[in-house]
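Here are my notes on the model you sent. They go point by point, from the overall fold to single residues.

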Amino acid sequence: MTSEYDTSQPSNSVEASSDSLVFAQPREQHPSVIEAFTFLLKAERWPLILLIGGCSYLLSGMVPIVPVMFFSGYIMFLIEQQIRRPNAPVLFPNFDDTAAYLERGAWTVLAQIVLGILISIPTTMFLIALIIIAVMVGESGIAQDPSTQLMFVIIVVLSLGLLLLISLPLYMFTGILWFRSGMAGSFKDAFQFKWAWDFLKTCGLRIFFGFFCLALIATLLNLLGLLVLLVGTYFMGALSAIAGMHYLSQWYDYYLAQGGTPIPLSPKLRLEKLAPE
């Protein structure tokens with residue numbers, strides 16, 4: 001299959017500014033959900049990476065936020081390495097770099113919380129309105145008519161389907177902003193709405209289908225994780241978090257190949273600041 005990528009774009013070139021996040025070796029294949037979930041297998045100690053990630057999520061129940069900040073920061077450095085140093089051995093969590101992981105992860109987690117609250121407002125209001133309508137109909141005499149009951153059930157199902165259709169693009173849009181915030185190591189970059197819209201518009205409808213498949217696989221993995229004494233879901237959650245950011249990095253490469261604006265790199269939070277292996 002002939003690639004649709006235009007790797008001649010200057011924004012996706014190694015000649016671009018060193019202060020921008022660009023690919024050392026631009027990809028020539030289409031974004032792949034399967035690759036996002038399997039690229040970690042290149043690491044010699046990938047089970048240990050998932051163990052560290054799973055334990056971080058598990059510990060977050062006892063020590064709120066901090067363990068998640070640690071692993072989120074590691075993921076951002078990992079994805080940056082895959083972009084800038086694709087031929088290097090897969091980055092392994094180094095506890096000597098805990099401070100760097102926590103700092104980079106702090107901005108990412110904070111952005112997730114704030115953006116999560118913002119997008120939960122319209123969806124929550126929609127659900128509350130639906131519940132109020134259901135209660136009002138239930139208390140009225142109209143609900144006794146079988147045909148009315150059937151019509152109401154159909155309306156509820158269609159409304160929930162509409163909510164799902166609205167929620168997926170919203171969460172995808174915020175995911176793009178999380179990606180930018182984490183890669184830039186900056187909280188304010190989580191609010192570059194114009195950039196995120198340009199990213200989404202450039203990638204087109206295929207990214208919607210890809211995100212749907214990503215969410216479906218992540219859900220199935222989490223369900224399988226529940227079968228392992230319930231705690232397996234934490235480790236599958238760690239894998240899904242890495243896969244999500246890697247999948248976005250693939251689309252970021254596509255975006256740059258189409259002339260998109262690269263993400264600025266933080267002078268303090270970048271691969272060069274990590275302790276040598």
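The points below cover the basis of the values, the fold, the pocket, the aromatic pairs and a few residues.

1. Basis. The model is predicted, so that local features need pLDDT of at least 70 and side-chain atom pairs count only at pLDDT 80 or more, whereas totals for chains, interfaces and linings use all residues. Residues are numbered from 1 along each chain as its sequence is written, and side-chain values use heavy atoms, with hydrogens and water left out.

2. Fold. The protein chain has eight helices and two strands, in the order β-α-α-α-α-α-α-α-α-β from the N terminus. Helices (H or I, at least four residues) and strands (E, at least two) are DSSP runs, numbered from the N terminus. Of the 277 residues in the protein chain, 43% are buried; buried means under 20% relative accessible area, exposed over 50%, and partly exposed in between (1.4 Å probe, protein chains only). Among contacts (heavy atoms within 4.5 Å) between residues at least 6 apart in sequence, 76% join residues at least 24 apart.

3. Largest pocket. Its volume is about 890 Å³. The lining comprises 31 residues, with Leu168, Tyr171, Phe211, Leu214 and Ala215 nearest the centre of the pocket. Two or more lining residues come from each of helix H3 (66–84), helix H4 (98–139), helix H5 (146–184), helix H7 (206–226) and helix H8 (232–257). By class, the lining has 21 nonpolar residues, ten polar and no charged. Here Ala, Val, Leu, Ile, Met, Phe, Trp, Tyr, Cys and Pro count as nonpolar, Asp, Glu, Lys and Arg as charged, and the others, Gly among them, as polar.

4. Pocket terms. The search uses a 1 Å grid over the protein atoms alone: a pocket is an open set of points where a 1.4 Å probe fits, with protein on both sides within 12 Å along at least five of seven lines, and lining residues have an atom within 4 Å of a point. Grid points are joined across faces, edges and corners, and the volume is the space filled by probe spheres set on the points.

5. Aromatic pairs. Rings of Phe, Tyr and Trp (its six-membered ring) pair if their centres lie within 6.5 Å; planes under 30 degrees apart count as stacked, over 60 as edge-to-face and the rest as tilted. The count by this rule is 18 aromatic pairs. One of them is the tilted pair of phenylalanine 23 and tyrosine 252, at 6.1 Å centre to centre and 35° between the planes. Phenylalanine 23 is in the loop between strand S1 (20–21) and helix H1 (33–38), and tyrosine 252 is in helix H8, 229 residues apart. Both phenylalanine 23 and tyrosine 252 are buried.

6. A second pair. Phenylalanine 77 and tyrosine 101 are also tilted, with 5.8 Å centre to centre and 55° between the planes. Because phenylalanine 77 lies in helix H3 and tyrosine 101 in helix H4, this pair ties together parts that are 24 residues apart in sequence. Phenylalanine 77 is buried at 0% relative accessible area, and tyrosine 101 is buried at 0% as well. One aromatic cluster is formed by Tyr57, Phe70, Phe71, Tyr74, Phe77, Phe95 and Tyr101.

7. Serine 56 and isoleucine 52. Which backbone oxygen lies 2.8 Å from a polar atom of the serine 56 side chain? It is that of isoleucine 52. Serine 56 lies in helix H2 (residues 46–59), and isoleucine 52 is in helix H2 too. Serine 56 is buried, with a relative accessible area of 7%; isoleucine 52 is buried at 13%. Not counting residues up to four places away in sequence, serine 56 touches Pro67, Val68, Phe70 and Phe71, while isoleucine 52 touches Phe70, Phe92, Pro93 and Phe95. The C-alpha atoms of isoleucine 52 and proline 93 are separated by 8.1 Å, at 41 residues apart along the chain.

8. Serine 181. This residue is in helix H5 and is buried, with a relative accessible area of 0%. The side chain of serine 181 reaches the backbone oxygen of serine 186 at 2.9 Å. Leaving aside neighbours within four places in sequence, serine 181 is in contact with Trp107, Thr108, Ala111, Ser186, Phe187, Asp189 and Ala190.

9. Glycine 259. Glycine 259 sits in the loop between H8 and strand S2 (263–264) and is partly exposed, with a relative accessible area of 41%. From glycine 259 to threonine 202 the C-alpha distance is 9.3 Å, and the two are 57 residues apart in sequence.

Methods:
Polar contact = N/O pair within 3.5 Å; in protein donor to acceptor, adjacent residues only side chain to side chain.
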